Amino acid sequence: MKLKEVTDEEFLHHGGMACPGCGAYLGLRLALKALGKNTILFNVTGCIATTLIMGVTKIPMIHTLFENGPAIASGVDYGLSALEKREGINLLVYAGDGGTADIGLQSLSGAIERGHDFVYICYDNESYMNTGGQRSGTTPFGAITTTTPAGKKIKGETRPIHLRKDMVEIVAAHGTPYVASASIAYPLDFMEKVKKAAETRGPAYIHLFATCPTGWGADPAKTIEIARLAVQTGMINLFEIVNGERRITVRVRKRKPVEEYLKLQRRFKPLLEDREALKSLQDYVDRKCELLGVDMEDRK
Amino acid sequence: MQEVREVWSGNRAVAESVKRARVQVVSAYPITPQSSVMEYIAKFIHDGELDARMIRVESEHSALSAACGSSLSGARTFTATSSQGLMLMAEVLFFASGLRLPVVMALPNRCLESPVNIWSDHQDSLAVRDSGWIQLYASDVQEVHDMTVQAFKLSEDERILLPSMICYEGFLISHVSEVVNPLPQDLVDEFLPEPDPKWAVFDIENPFQVNELLTPEGFPEYRYKQHKAMLRAVDVYTEIGREFARIFGREYSPVRGFMHEDADVLIVGIGSIMSTARQVVKELRERGEKVGTVELKMFRPFPEKEFRELTENARILAVMDKDIGFGSSGMVYPDITRVWYNRDGPSALNFIVGLGGREVVPETIHRIYRIAKDTDPDKIEEDVFWPDTMTEVID
Ligand SMILES: Cc1ncc(C[n+]2csc(CCOP(=O)(O)OP(=O)(O)O)c2C)c(N)n1
Ligand code: SF4
């Protein structure tokens with residue numbers, strides 16, 4: 001996708017109540033640009049659903065419960081079909097990592113398995129931000145959240161990084177025809193994926209890495225920089241899985257050490273002081289990147 | 001009307017009503033004793049007898065959520081569950097009623113765990129009596145068949161737009177076969193035409209946001225409107241009952257009296273226990289006892305005025321509850337006492353019966369009658385009785 005192909009039209013009015021530098025809000029804005037006006041938005045309870053109030057969306061939207069976005073979309077899929085009004089309409093479920101990897105995993109799994117035609121985007125800010133920043137199933141090792149505080153004895157999230165819920169793989173294991181990971185720092189890559197997801201017949205899933213300056217203790221002006229560093233350090237990898245075929249969409253040249261990403265966020269302060277933990281995180285990321293083939297061929 | 005007769009179970013009767021109502025989307029998850037409702041409907045769809053889409057969801061939470069989605073789209077939508085399934089739906093029940101969606105649910109009543117028990121009492125539906133759903137209680141298979149069709153008309157009425165549940169006891173009605181007069185399709189089409197879904201919300205050309213945040217500045221008024229719509233359902237159901245009687249020849253009203261006019265003691269309740277109560281009343285009447293029954297066909301909204309009219313001449317109301325509001329009384333009882341609390345009228349006693357499917361035999365109802373008859377309304381000390389429970393082994 002090229003920049004000139006991106007529409008100037010906006011599908012959100014001014015007045016959304018997200019924090020400055022909110023990656024998830026930006027993600028929705030970009031996704032709607034890719035999908036266009038013939039879209040019904042299922043806004044799953046979480047930060048973004050709470051910020052889109054007072055008629056901010058220019059498309060039909062429902063604020064769903066925390067765990068039932070995909071189930072409601074299933075009903076709309078069949079309800080509109082029954083009335084012969086389904087043609088040409090995108091159903092977009094937009095949910096946080098809590099609404100996706102934790103409480104909503106079952107309804108997502110069910111809707112995918114039934115083969116409903118919908119696009120699901122999980123904006124991953126790695127915590128439950130709407131309720132004040134508690135840990136979620138995607139919170140990374142070492143991160144401080146309000147339920148994994150930096151105490152005198154235990155500092156931050158202790159669950160090893162490899163045990164974090166990997167939603168892309170979970171959804172791919174369903175045989176979902178289109179699955180991708182994306183980042184707000186790579187908007188064209190993301191929007192192209194959204195378009196492909198919409199063109200897919202049946203379910204499509206995109207896991208969108210979305211900086212949360214408020215929850216992560218970061219400078220709102222660095223939202224994009226942080227998201228870009230997540231990719232450039234290999235913490236986050238951008239790829240798609242189309243009918244089972246995996247393809248890296250953004251390769252990384254001269255991958256940077258993970259510290260460069262971590263150090264812009266206060267949530268990783270204790271981790272940055274723990275050399276041993278840092279090393280094992282770096283090892284994990286190296287192995288993962290090698291396995292996926294993220295690194296560009298060295299052209300030295 | 002041409003006399004056709006079929007022998008159907010309660011669950012079959014529900015499915016036959018869903019077919020005749022030309023439901024467009026069915027979303028449900030199996031649970032005993034509801035499962036055969038789904039199975040019958042699935043067969044109708046697969047045999048081409050019903051042009052509907054079935055969403056075979058992965059849980060009851062999703063069953064009702066998908067039903068809400070379908071209803072929001074404007075399709076006539078049906079779901080069914082029981083017991084544990086209803087509890088799993090609890091959150092979505094309020095969502096559906098708050099969004100004013102005319103979803104209809106069949107609910108063969110079953111008791112709630114723990115301990116594990118699959119038999120019937122009213123604990124499940126009464127636990128959600130304040131979830132904003134209209135609750136209709138059928139006491140035999142014919143009523144299940146008729147009331148399911150009526151529920152769509154009631155829910156979809158523009159003055160109402162609220163979800164309804166048809167409650168009928170698991171096994172006792174869901175699985176017992178009775179002779180039924182099937183509703184003729186052409187007459188159902190006349191009674192319940194294809195919906196004109198003004199409640200549908202998803203219009204690309206005219207978008208709006210559904211289920212937005214509503215602050216305290218507007219919330220009480222929203223709730224009041226919802227409450228008023230609920231209250232209106234009493235009159236609208238009365239109206240629907242009359243129309244139903246004109247077309248199909250069977251009478252329905254929110255409250256039904258039986259030998260109640262000159263009764264000294266009135267046995268009050270919901271569900272199949274009221275069929276047994278009517279039999280007992282007939283026997284007692286033959287012995288010259290002044291007893292009758294008043295049966296609530298509709299429990300939410302509570303048909304207060306109608307109930308008062310039918311009970312005003314009685315001395316004492318014996319209210320049967322097939323449920324228990326732990327630490328208080330049965331759950332039907334408080335609504336009954338409220339009707340008369342600030343007025344001169346009958347006193348009331350509460351009888352907890354039939355929990356976890358214990359059979360409510362005629363002897364239990366005789367016992368209830370004797371206690372009520374021997375009670376001096378001015379000297380009531382204890383008002384909640386457990387006539388079919390061996391309380392003496394525990395106390
Ligand atoms: C059934 C239920 N449980 C809990 C909540 C409270 N709750 C609302 S939003 C939220 C966290 C959302 O986290 P996430 O999905 O990650 O989205 P974010 O807020 O980070 O955007 C929680 C716990 C709720 N609304 N419903
Ligand atoms: S808390 Fe984070 S995710 Fe929520 S609105 Fe603010 S920046 Fe966005």
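A polar contact, as the term is used here, is a pair of N or O atoms within 3.5 Å. The model is predicted, and local features need pLDDT of at least 70, while side-chain atom pairs count only at pLDDT 80 or more and totals for chains, interfaces and linings use all residues. Residues are numbered from 1 along each chain as its sequence is written, chains are lettered from A and ligands numbered from 1 in the order in which they are written, and side-chain values use heavy atoms, with hydrogens and water left out.

**View 1. Polar contacts of ligand 1.** A backbone N or O atom of A:Gly99 lies 2.8 Å from an oxygen atom of ligand 1, and a polar side-chain atom of A:Tyr123 is found 2.7 Å from an oxygen atom of the ligand. For A:Met129, a polar backbone atom is 2.9 Å from a ligand oxygen.

**View 2. The sheet of chain B.** Six strands form an open sheet with mixed pairing, in the order β10-β12-β11-β14-β15-β16, where strands are DSSP runs (E, at least two residues) numbered from the N terminus and two strands pair if DSSP finds at least two bridges between them. Because β10 (255-258) and β16 (384-385) of chain B each have a single partner strand, they stand at the edges, and one side of each is left without a neighbour in the sheet.

**View 3. The pairing of β15 and β16 in chain B.** Strand β15 (residues 347-352) of chain B pairs with β16(B) in the parallel sense, over two bridges. Within this pairing, B:Phe351 stands opposite B:Phe385 of β16(B).

Notes:
Helices (H or I, at least four residues) and strands (E, at least two) are DSSP runs, numbered from the N terminus. A polar contact is a pair of N or O atoms within 3.5 Å; within protein, one must be able to donate a hydrogen and the other to accept it, and residues adjacent in sequence count only if both atoms are side-chain atoms.
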